[in-house]
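Hi everyone, thanks for coming. Let's have a look at this one together.

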Amino acid sequence: MNPFNIEPLTFENARASLEKDIDGLCLVLSGDIDMRDTSLGFLPYLLKIHDVLIQNNIKELKVNLSDLTFMNSNGIKSLINWIMKLTEIPEAARYKVHIAANTGIAWQESTIPVLQKLFPEFIIID
Amino acid sequence: MIPLEAENRIFVDLKFGPKWTYISTVRTFVENFMAISLANKKKAGIIAMSVNELIENAIKYSDKEGIQIKFQIMSNEKKIYVNVSNHATVEEENNLKKILAEINSLPPLEAYMNRMKSSLDSMNNKSAIGLARVRYESNAEINHTFNDEGFVNVHAAIPIDNEEVSHESI
């Protein structure tokens with residue numbers, strides 16, 4: 001659970017939850033994100049977390065993808081939409097996204113570094 | 001086009017209605033099939049992702065029932081051929097032609113990043129990141145044909161190493 005009462009979200013074949021651990025806040029994504037329209041459940045969840053991070057002046061978010069076996073291009077588009085929001089706010093209010101990817105999963109090994117290359121100021125691969 | 005030489009033994013030919021809910025089942029089937037056929041299990045995941053993206057595109061752009069998928073492992077050519085076919089309007093085929101021309105005109109990484117950036121301008125789910133993703137992640141050559149009956153065939157030729165083909169499958 002997390003101090004902001006953001007409930008976990010289950011959508012079709014995937015699950016997202018915001019968790020608090022000793023290192024801070026962690027967004028855990030698992031399952032298969034393969035919905036036709038990720039702007040209905042997945043993206044609003046990401047943007048809700050974004051708003052909470054900004055409102056509480058939090059500077060780092062971990063994203064754990066170790067059990068996220070698949071993400072389609074709609075899901076990737078939602079991630080891009082989310083990170084783009086960081087470019088729209090003042091620099092002092094921005095936070096970093098630390099992605100813990102699973103290199104045993106082929107799509108993560110290839111696509112996560114591309115996202116990092118697209119947003120080098122915001123994404124760090126741990 | 002997928003070559004049809006008699007010695008090609010590892011192949012699949014599937015046809016299903018354009019229902020989004022079937023895609024994950026097809027993707028899982030392809031990954032399991034490829035995991036038997038390929039020694040490199042990560043490659044199986046990449047092929048499954050590629051088929052998934054091509055089917056998603058086919059369903060998004062289809063104007064009639066019926067998506068056909070064929071894939072074939074050609075170890076002698078060191079390639080896997082994936083062919084996804086759907087019925088489409090001339091307008092949709094023209095859009096596909098433009099997108100593929102743009103993607104194929106750039107190095108794979110640059111094309112993928114460009115589609116990621118331009119996806120934000122797309123107000124619907126037709127961002128075409130998927131085609132650029134398939135080309136980048138699988139190193140595929142992608143092209144298409146459009147026949148007189150209105151069927152778009154998207155062909156992806158994905159390179160493999162000989163050692164990636166499992167001897168158990170032959």
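L109(B) is partly exposed, with a relative accessible area of 26%; partly exposed lies between buried, under 20%, and exposed, over 50%, taken with a 1.4 Å probe on protein chains only. A quick word on the background: this is a predicted model, where local features need pLDDT of at least 70 and side-chain atom pairs count only at pLDDT 80 or more, while totals for chains, interfaces and linings use all residues. Residues are numbered from 1 along each chain as its sequence is written, chains are lettered from A in the order written, and side-chain values use heavy atoms, without hydrogens and water.

Back to our leucine: L109(B) sits in helix α4 of chain B, helices being DSSP runs of H or I with at least four residues, numbered from the N terminus. Which residues does L109(B) contact, leaving aside neighbours within four places in sequence? They are V114(A), K117(A) and Y136(B), where contact means heavy atoms within 4.5 Å.

Now the interface as a whole. Chain B and chain A each bring 27 residues to the contact. Between them about 2,300 Å² is buried, with carbon and sulfur atoms giving 58%; that is the accessible area (1.4 Å probe) lost by the two parts on being put together, summed over both.

For those who like charges, the rule finds three salt bridges across this interface, each a side-chain nitrogen of Lys or Arg within 4 Å of a carboxyl oxygen of Asp or Glu. One of them pairs R27(B) with D32(A), the closest N and O atoms being 3.1 Å apart. On chain B, the side touching chain A draws two or more residues from each of α1, α2, α4 and α5, and α2(B) gives the largest share, eight residues.
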